[in-house]
Amino acid sequence: MVIYFVTFSVFLLVIAAMAVGYIFQRKTVSGSCGGLDGIGIAKECDCPEPCDARKKREAREAREARAAEWKKNQII
């Protein structure tokens, strides 16, 4: 029975260490093959137009990119 507790404790420690590493890296979870983007598919559905949430996200990302570019080229 002691072996089971030791094994369970080791698994918990490994899972906790992976969680801490994930939290500090702040990366998105992705597969090793790159997912759908690896085969040239930009989105998961066959919708002719992206949904409202995606439009908002892309607009926000564009604004942030413009602000970062402006800040990088700022003279002062």
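How many helices and strands are there in the chain? The chain contains two helices and zero strands.

## Overall picture

This is a predicted model. Buried residues make up 0% of the 76 residues in the chain. The accessible surface of the chain comes to about 7,600 Å², and 65% of that surface belongs to carbon and sulfur atoms.

## Helix α1

Helix α1 covers residues 2–25. At 1.5 Å a residue, its 24 residues should span 34 Å, and this agrees with the 35 Å between its end C-alpha atoms. The helix is hardly covered, as the count of buried residues in α1 is zero. Just after α1, arginine 26 takes a positive phi of about 50°.

Phenylalanine 11 has its place in α1. Its relative accessible area is 53%, so this residue counts as exposed, the cut-off being over 50%. Phenylalanine 11 also belongs to a nonpolar surface patch of about 690 Å², together with Val2, Val6, Val10, Val14, Ile15 and Met18.

## Salt bridges in helix α2

The count of salt bridges comes to three. In one of them, glutamate 58 meets arginine 54 at 2.9 Å, N to O. These two residues lie four residues apart in helix α2, which covers residues 52–73. Glutamate 64 forms a salt bridge with arginine 60, with the closest N and O atoms 3.9 Å apart; this pair is also four residues apart in α2.

An α-helix has 3.6 residues a turn, so residues three or four places apart point the same way.

Glutamate 69 is partly exposed at 40% relative accessibility, whereas lysine 72 is exposed at 60%.

Key
Residues numbered from 1 in each chain as written. Predicted model: local features only at pLDDT ≥ 70, side-chain atom pairs only at ≥ 80, totals over all residues. Heavy atoms only, no water. Buried < 20%, exposed > 50% of the residue type's maximum accessible area, 1.4 Å probe, protein only. Areas by Shrake-Rupley, 256 points an atom, 1.4 Å probe, with all protein chains shown as cover. Patch = residues over 30% accessible without salt bridge, like charges linked within 9 Å, V, L, I, M, F, W, Y side chains within 5 Å. Salt bridge = Lys/Arg side-chain N within 4 Å of Asp/Glu carboxyl O. Expected span 1.5 Å × (residues − 1).
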